[in-house]
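Visitor: I have a chain open here and would like to talk it through. Can we begin with the overall picture and then go into the details?

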Amino acid sequence: MKNTAYLKSYVKNHPDNKMAWYLLGKEYESAGQEGKAQYCYNQAGSVYEAFEATKIPADLWQEYQDKLHQESRRKEERKGLVRKIGIVLVFLLLLNLSSAYAPGQFATDLPVEDDSATVAEDLGLVVKNPSQDREAMWPEGERNWGIGSPFEGQGTEFTASAYQSNIDNPYKSLEDLYGDKLKTSASKVVVLGMKQKAEWLIWSKEMPVVYELDKSPQDGVMKVQSYDPKACQCTPPDATKLQKEGKAWIERQETLAVLSTAIHTYKEQKGSWPESLDQLVQPFPDNWLAGSNPLMRHEFKRVLALQQHAGSTPQQEEGQHPSASEERLSSNPGGEPLYFKEPLRIVIDKEAHLLAVASGNIMLRSYKVGLGGDKTPDGTFKVSDKVINPNGKDDGDFGSRGMQLSDTNYAIHGTNEPDSIGKDESLGCIRMLKKDVEELFDLIPRGAKVEIGKGILPQLESVPKERFVLKRSQDQTNPHRTYHWLL
């Protein structure tokens with residue numbers, strides 16, 4: 001493929017010819033222009049998938065390219081006839097290669113550079129990139145969360161597992177991932193490492209890439225690539241790209257956990273399933289969710305279907321979590337597998353003065369809080385009200401957010417006495433700093449469980465620099481009531 005100019009010309013005149021797009025992509029790739037190549041492969045669609053899934057003899061490439069070239073010359077003489085010949089040639093070639101088509105092979109290994117405008121400019125075309133339609137779905141300023149991109153699980157899938165690089169066998173958790181237990185369509189699984197404190201696994205946005213499992217070798221032997229220099233006693237490959245993709249996966253999984261929990265608590269209290277996301281994003285007091293984002297809108301039906309399926313099967317015991325097991329990595333048709341299998345809940349340790357957001361034994365957040373000592377009750381509650389500005393203003397005694405516990409006079413709320421955080425100065429309520437309580441308000445749906453006890457959390461604060469935030473569209477104030485929570 002030495003004549004990029006005529007391939008450009010051909011694509012310009014035949015923008016619907018996927019084979020031509022694929023050949024132009026190969027030309028760009030050989031020239032080191034990987035971003036442009038990626039764009040062309042996206043336009044090539046299934047042709048890319050079919051050709052990359054098998055080995056095609058070089059003479060076949062040359063033969064087809066020669067035919068394209070000949071067809072381009074003949075077009076000047078007999079436009080109508082040449083067009084028919086081109087369609088027949090492409091159809092026959094694709095028909096012969098149909099058995100080589102392998103779903104799930106995508107151009108995910110190339111650096112993602114947005115060269116689509118440059119390619120279109122080179123070709124003199126205004127070619128619609130599939131992502132343009134996706135971006136148009138979201139209001140200005142909102143990101144699309146990767147919605148509409150090929151499902152990562154068909155190429156590379158992410159998960160997280162307990163990991164310690166200073167132990168004798170850091171790959172012990174691999175035992176849960178090998179062989180028949182690895183029920184996923186992904187050819188590769190990238191594992192992010194979670195620290196462990198007692199029985200708790202610590203989830204964070206900074207979890208490092210610790211190893212990658214490659215199931216694609218033809219000999220059927222799974223390959224393991226460590227990214228921990230202490231474990232492999234080597235200089236591992238650069239994990240920058242995987243780390244960035246892993247952070248995006250973490251953010252998606254947090255959103256899916258919040259959505260899944262809201263669907264669960266709605267069903268638990270209403271006795272029926274929500275029919276749409278709008279039913280969860282209502283004004284007070286029906287604000288099961290504090291807001292929404294594009295991923296929630298896109299994934300609602302799928303997450304609902306998964307919840308309904310889980311509701312028809314036996315539930316696992318409270319507190320159990322599948323870790324890096326077969327259940328976690330099982331493929332969910334039509335979307336990315338949900339990592340968190342249990343609803344989000346709040347856990348409060350009166351001795352440690354900590355409030356955690358958890359799913360099973362995985363701790364997603366841990367905030368320092370102010371309490372009332374023995375005045376703060378032990379026990380299990382539920383978030384019965386979620387209120388913005390419970391005092392009618394964001395700097396009142398209860399701060400900018402309040403979450404009432406089971407219709408009692410106890411609540412989790414903000415405070416205008418930030419120095420009381422970490423102390424026993426309240427009359428029984430749980431006080432939080434403004435940024436912390438506002439993130440908690442968005443993370444925890446109405447109806448979520450709240451557990452209060454002693455000695456149940458490790459001494460660990462885990463708060464991300466970038467907070468979880470939902471876009472609010474509904475009124476969540478309650479001006480008709482004066483709250484008398486126990487400050």
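Visitor: What does the secondary structure of the chain come to?
Guide: This is a predicted model, and its chain comes to 13 helices and 13 strands.

Visitor: How many residues does the chain have, and what share counts as buried?
Guide: The chain has 487 residues, of which 49% count as buried. It exposes about 23700 Å², with carbon and sulfur atoms supplying 48% of that area.

Visitor: Let's turn to H11. Where is the kink in H11 centred?
Guide: The kink, of about 55°, is centred on Phe300, which is one of the buried residues of the helix. H11 runs over residues 294–311 and reaches 26 Å from its first C-alpha to its last, close to the 26 Å expected for its 18 residues at 1.5 Å a residue.

Visitor: Which helix do the buried residues of H11 pack against?
Guide: They pack against helix H10, residues 240–270; among the buried residues are Leu295, Met296, Val303 and Leu304, and also Glu299 and Arg302.

Visitor: What caps the N-terminal end of H11?
Guide: Asn293 does, with a side-chain oxygen placed 3.1 Å from the backbone nitrogen of Leu295.

Visitor: New topic: why does Arg401 count as buried?
Guide: Arg401, which lies in strand S10 (residues 401–405), counts as buried because its relative accessibility is 7%, and the cut-off for buried is under 20%.

Visitor: What does Arg401 touch, leaving out residues up to four places away in sequence?
Guide: Its contacts include Val387, Ile388, Asn389 and Pro390, together with Glu438, Phe441 and Arg472.

Technical notes: Residues are numbered from 1 along each chain as its sequence is written. This is a predicted model: local features need pLDDT of at least 70, side-chain atom pairs count only at pLDDT 80 or more; totals for chains, interfaces and linings use all residues. Side-chain values use heavy atoms; hydrogens and water are left out. Helices (H or I, at least four residues) and strands (E, at least two) are DSSP runs, numbered from the N terminus. The expected span of a helix is 1.5 Å times one less than its number of residues. The bend at a residue is the angle between axes fitted to the seven residues ending there and the seven starting there. Buried means under 20% relative accessible area, exposed over 50%, partly exposed in between (1.4 Å probe, protein chains only). Contact means heavy atoms within 4.5 Å. A polar contact is a pair of N or O atoms within 3.5 Å; within protein, one must be able to donate a hydrogen and the other to accept it, and residues adjacent in sequence count only if both atoms are side-chain atoms. Accessible areas come from the Shrake-Rupley method with a 1.4 Å probe; for residues, only the protein chains shown count as cover.
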